[in-house]
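Here is a short note to read beside the model. Keep the sequence at hand as you go through the points.

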Amino acid sequence: MDLTERDRLHIWHPYTQHKTSKPPIAIVKGEGALLWDDSNKEYIDAIASWWVNPFGHSNTFIADAIYKQLTTLEHVLFGGFTHEPAVVLSEKLIEILPKNQKKIFFSDNGSTAVEVAIKVALQYFFNKGEKKTTLIAFENAFHGDTFAAMAASGISFYTQAFEGMFIDVVRIPVPVKGQEESSFQALAQAIKNNNCAAFIFEPLVLGAAGMVMYEPEELDKLIGICKENRILTIADEVMTGFGKTGKTFACDYLVGQPDMMCLSKALTGGTIPMAITTFTQELFEAFYSDDINKALFHGHTFTANPTGCAAALASLELLQTNEMQTNIIRVNQSHLAFEKHFKNHPKVATTRVLGVIFALEIKTEFQASYYGTLRNKLYDFFIENGVILRPVGNVVYILPPYIIENDQLQKIYDVVENALDIV
């Protein structure tokens, strides 16, 4: 049996209806922006393997840092202990995070980073003798698959099996162009009619919704309304963090700043699962007490895994090099040139670019379903042509590793343009 057949015997894949889906592709090697399957077919990883791999596959700089750490201290429990990789990583992050962020809490993936933030928001008010039980979130947001993160998400087919089991969430429109005022009014109404603890948002780009983009000025207004009403704010930077939007964090475009930030994905350069939730000093102090019951009782066995911290430190070092910052600008300029060439195509409804993110929306007579016929047809076409892209309904997006070569980018653009001939 080949690898794919052996996989079928025992493995349950994410976001997959196994009865109707095609068998998974067996990948055996990666280097730079490229992956190879077990038949030696080459693919360009045009989405950085779900947005985690900005520095390319098999990056030797990160691999060396991981090896060095593994031969020194691979892991130690973080309850009652600490270690240098975690301390140094926290110091490095505080240097580059928005200035109001002072405390670092480690977890293992984007969903749990969000879960921690939501728990802190609710317990913050509980510790102060107040009961606030409702969250505010954007329509069509996606914040993860653990329960509180799923509750805050708005893509219904992910969550419909669990309706009636969630914490209370009020949804407001995303302040995209033409919808800004309705978003502000909806937020004010949500605060007036509910006992709201926090507003959680994907800053500037809603990834899983189809790379929906909105302006920092509008987010600043929403954050300002929350601050005026003692509503905590949570920036979910799991996708947008570490250079994707052209700045280190999407929140770097803002004047105001959130109370909490959620980080994961590119944190370790696509190597080891790790996540971080950051907090202001004021939030931390609401848990700082002689009363043990006011502590934050959250954690997991691999909290602040030293090897993951070493990978994250190497990843941060790469991100801050002139070469990588130049790469981000290069990819952005390439996207803008393609957008200029492409946006008036008769089958393209809209295009949008921010940092290394490019998205186009294909004109359709009816609303395309998330995993519907159009999406699947496009996905199959891309795979056949050696490009890994995962359309969201009728939205095709490109979010490549920063180190991708110009000819590889051009191939992606060509394949996307050719794909319009089949729709």
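Is Glu218 buried or exposed?

1. Glu218 is buried, at a relative accessible area of 13%. Buried means under 20% relative accessible area, exposed over 50%, and partly exposed in between (1.4 Å probe, protein chains only). This is a predicted model: local features need pLDDT of at least 70 and side-chain atom pairs count only at pLDDT 80 or more, while totals for chains, interfaces and linings use all residues. Residues are numbered from 1 along each chain as its sequence is written, and side-chain values use heavy atoms, leaving out hydrogens and water.

2. Glu218 forms a salt bridge with Lys221, with the closest N and O atoms 3.9 Å apart. A salt bridge is a side-chain nitrogen of Lys or Arg within 4 Å of a carboxyl oxygen of Asp or Glu. Both residues lie in helix H9, 3 residues apart. Helices (H or I, at least four residues) and strands (E, at least two) are DSSP runs, numbered from the N terminus. Lys221 is partly exposed, at 46%.

3. The structure holds 4 salt bridges. Another one joins Asp380 and Lys22 (3.2 Å, N to O). Asp380 lies in helix H13 and Lys22 in the loop between helix H1 and strand S1, so the pair ties together parts 358 residues apart in sequence. Lys22 is exposed, at 59%. Asp380 is partly exposed, at 24%.

4. Now look along H13. Its buried residues include Leu374, Leu378 and Phe381. Just after H13, Gly386 takes a positive phi of about 75°.

5. Ala190 sits in helix H8. Ala190 is buried, at 3%. Its C-alpha atom is 6.6 Å from that of Val170, 20 residues away along the chain.
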